[in-house]
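I opened this structure to look up a few side-chain contacts and salt bridges. My notes follow in the order I made them.

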Amino acid sequence: MSLVIRNLQRVIPIRRAPLRSKIEIVRRILGVQKFDLGIICVDNKNIQHINRIYRDRNVPTDVLSFPFHEVTATHGLCHLLGFTHGTEAEWQQMFQKEKAVLDELGRRTGTRLQPLTRGLFGGS
């Protein structure tokens, strides 16, 4: 299945092709080639922010992993229902809908997920 690699930091140079090759080897070793995988490299400030949001721990960490497909599916379905986030007012409406859906999903499954556009206009 798919493998997406994004480098959102500038501290450590990352060469995607060799990284992709090695990750594909690890996926074969673990027998998880059938799963989609996204790897996003961020700096300490950003991973600390994500760690605080999702784990209530206000410290940098080396790795965070979670089932991102629930978040992206919710975001995509909101778009299909006509929600957008081009302006702050539109974002507020979409953010509230996504948050309500993800909160209910969390209530039913024990997960703690936040909308993709969290903080897009500086709020929530």
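Predicted model: local features only at pLDDT ≥ 70, side-chain atom pairs only at ≥ 80, totals over all residues.

Entry 1. The side chains of N7 and Q9 are joined by a polar contact of 2.8 Å. I placed N7 in strand β1, which covers residues 3-7. Beyond the neighbours within four places in sequence, I found N7 in contact with I12, I14, R16 and C41.

Entry 2. I then went through the salt bridges and counted five. One of them joins the side chains of R27 and E24, at 3.7 Å from N to O. R27 and E24 are three residues apart in helix α1, so about one helical turn separates them. Is R27 buried or exposed? R27 counts as buried because its relative accessibility is 3%, under the 20% cut-off. E24 is partly exposed at 21%.

Entry 3. In helix α4 (residues 88-109) I checked K99 and D103, which lie four residues apart, about one turn. Their salt bridge has its closest N and O atoms 3.3 Å apart. K99 is partly exposed at 26%, and D103 is partly exposed at 39%.

Entry 4. Also in helix α4, E104 and R107 are three residues apart. They form a salt bridge of 2.6 Å between the closest N and O atoms. I noted E104 as partly exposed at 29% and R107 as exposed at 61%. A network of salt bridges links E104, R107 and R108.

Entry 5. Last, I looked at a nonpolar surface patch of about 410 Å², made by I25, V26, I29 and L30. L30 lies in helix α1 (residues 16-30) and counts as exposed at 61% relative accessibility.

Terms used
Residues numbered from 1 in each chain as written. Heavy atoms only, no water. Helix = DSSP H or I, 4+ residues; strand = E, 2+ residues; numbered from the N terminus. Polar contact = N/O pair within 3.5 Å; in protein donor to acceptor, adjacent residues only side chain to side chain. Contact = heavy atoms within 4.5 Å. Patch = residues over 30% accessible without salt bridge, like charges linked within 9 Å, V, L, I, M, F, W, Y side chains within 5 Å. Areas by Shrake-Rupley, 256 points an atom, 1.4 Å probe, with all protein chains shown as cover. Salt bridge = Lys/Arg side-chain N within 4 Å of Asp/Glu carboxyl O. Buried < 20%, exposed > 50% of the residue type's maximum accessible area, 1.4 Å probe, protein only.
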